[in-house]
Amino acid sequence: VSLRMEAEFKTFIKERQRRSRAAGESLLSNPSISLCLFRALPPLMRQVVLRLLHMEDLNCKVYAFWHRGLSKEALGRDATLRDIELSLSPLIEFGIATIRQDTESRNLILDQEFRRTYTQILVEGLHLPFKATGVVSRSEAFQKQMRAAAIKNWWRIHYRLLHHSIRYNHQDEFRLSEELTQMLISARLIAAGTKELTSEGFQFILNSYDHQLNFILSRYVDFLSKKGFSESKLIGYICTFSLLDSTQEYSYEGVDDPALERIVTDFTEIGLLTQSVAHSKKFYISPFISHFIYERSSGKIEINLRILVETNFRMYASTSGSLDDEFATVLFSEFANILSIINRRFFVCSLTKDSCEKAFRKRISGKQIVLFLNSYIHPVVREKSAEAAKVKYTLHDDSESVAKQMLASNPLLVSDDNFIPENIIQQILLWEEDYNRKR
């Protein structure tokens, strides 16, 4: 499996290191965080770190010569010393190493806290705050059951975001705890008073699972750290989970750690961990949590929607799975009128000025609506070229000047990733402009 450091994880760590030097050092002093940072580095940077563990520093000119020998394709032989130093940016950005300017040379120096922590890992191994029970479940049926349970619990967040208008029969099954609901409010995904979906919440739904996971974990750490929990300990637990085997059962029986107990309870609720027995202290790691740091070729959670949009403002959508059709009903009602639902799988909707204004009142923008429609466009349409999928139209005289300005300035209308008829996009943007003008 190909591993790489996720952009969201980079941002996650850098944001906390920028807050204070002490915060950055506390992260590097946590073995799990240091190990995750090391494993997510490019292969050449790992070699640099391992060399620096056995020497005081590394002269940049020596490194440049060494780099040319190992990576002729990445940097040509005419690369300057500065170009080669830029290749060290992953180490510099996260404080793993620094470049010190002496009178005669520039030397790469490993951070002392990281050196101490990583040396300890190499000598003693990674000490877990909980223990493996020895129970291993590798059967395909069990893994499939685990995956289904994780997806089902992750849906709690989506249903909570749309709770104000939900009409489904699984309210107890998908109920989110008050503490996690408050976390969603602090993340501005739902409004504090009405608890209705916000513009940020709608954008969250549009994002991929990887981005959703990184966003939730980042806000979760911020939320609990304000309640007195150690930030580095929380991130350390998350990194530890991401490193472990999802087929192995773990237990924290006999461990007196409020932070661990809290994070296991909350993560079980949203599908990042799965308890062997309800309300027990034994659990399995969900494979989805590895997306916090690493990109996997499988394990994505997506909404199974297929959408077609016609030039007459009719929208047709099909779903698969009982969760998806209930979710789609609520989600479509945010910006469209649902005319009929056939066999709980096929939706016929219309886009109107009034239906879109419902979204505008919640600060859901026209661009977000168009992005949603494009994100779940039917595969048959997506296979066509963007130009073939666009439908030509004739502008009304009274809107021609405004529409031409939009064509010139709005990338939605000319993007290769757009499969929505141009007249639909323009009309949604015109409705939004008219709504903002009347406010």
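Two strands are taken to pair if DSSP finds at least two bridges between them. Strands (E, at least two residues) and helices (H or I, at least four) are DSSP runs, numbered from the N terminus. By these criteria, S4 and S5 pair in the antiparallel sense over three bridges, and Val-136 stands opposite Gln-248 in S5. The model is predicted: local features need pLDDT of at least 70 and side-chain atom pairs count only at pLDDT 80 or more, whereas totals for chains, interfaces and linings use all residues. Residues are numbered from 1 along each chain as its sequence is written, and side-chain values use heavy atoms, with hydrogens and water left out.

The secondary structure of the chain comprises 21 helices and 11 strands. Of its 439 residues, 50% are buried, where buried denotes under 20% relative accessible area, exposed over 50%, and partly exposed the range in between (1.4 Å probe, protein chains only). The chain exposes about 21300 Å², of which carbon and sulfur atoms supply 50%; accessible areas come from the Shrake-Rupley method with a 1.4 Å probe, and for residues only the protein chains shown count as cover. Among contacts (heavy atoms within 4.5 Å) with a separation of 6 or more, 67% involve residues 24 or more positions apart.

Strands of a sheet pair through backbone hydrogen bonds, either parallel or antiparallel. In the open sheet formed by four strands in the order S4-S5-S7-S6, the pairing is antiparallel. Strands S4 (131-136) and S6 (273-275) stand at the edges with a single partner strand each, so one side of each is left without a neighbour in the sheet. From one strand to the next, the twist averages 35° (axes are lines fitted to C-alpha atoms, for helices over the stretch in contact, and angles run from 0 to 180 degrees between N-to-C directions).

Strand S5 (residues 248-251) also pairs with strand S7 (residues 282-285), in the antiparallel sense and over three bridges. Here Glu-249 stands opposite Tyr-284 in S7. Both faces of S5 are covered: Gln-248 and Tyr-250 are buried on one side, as are Glu-249 and Ser-251 on the other.

A further buried residue, Glu-231, has a relative accessible area of 16%. Glu-231 lies in helix H13, which spans residues 231-243. When residues up to four places away in sequence are not counted, Glu-231 touches Arg-16, Arg-19, Val-221, Asp-222 and Ser-225.
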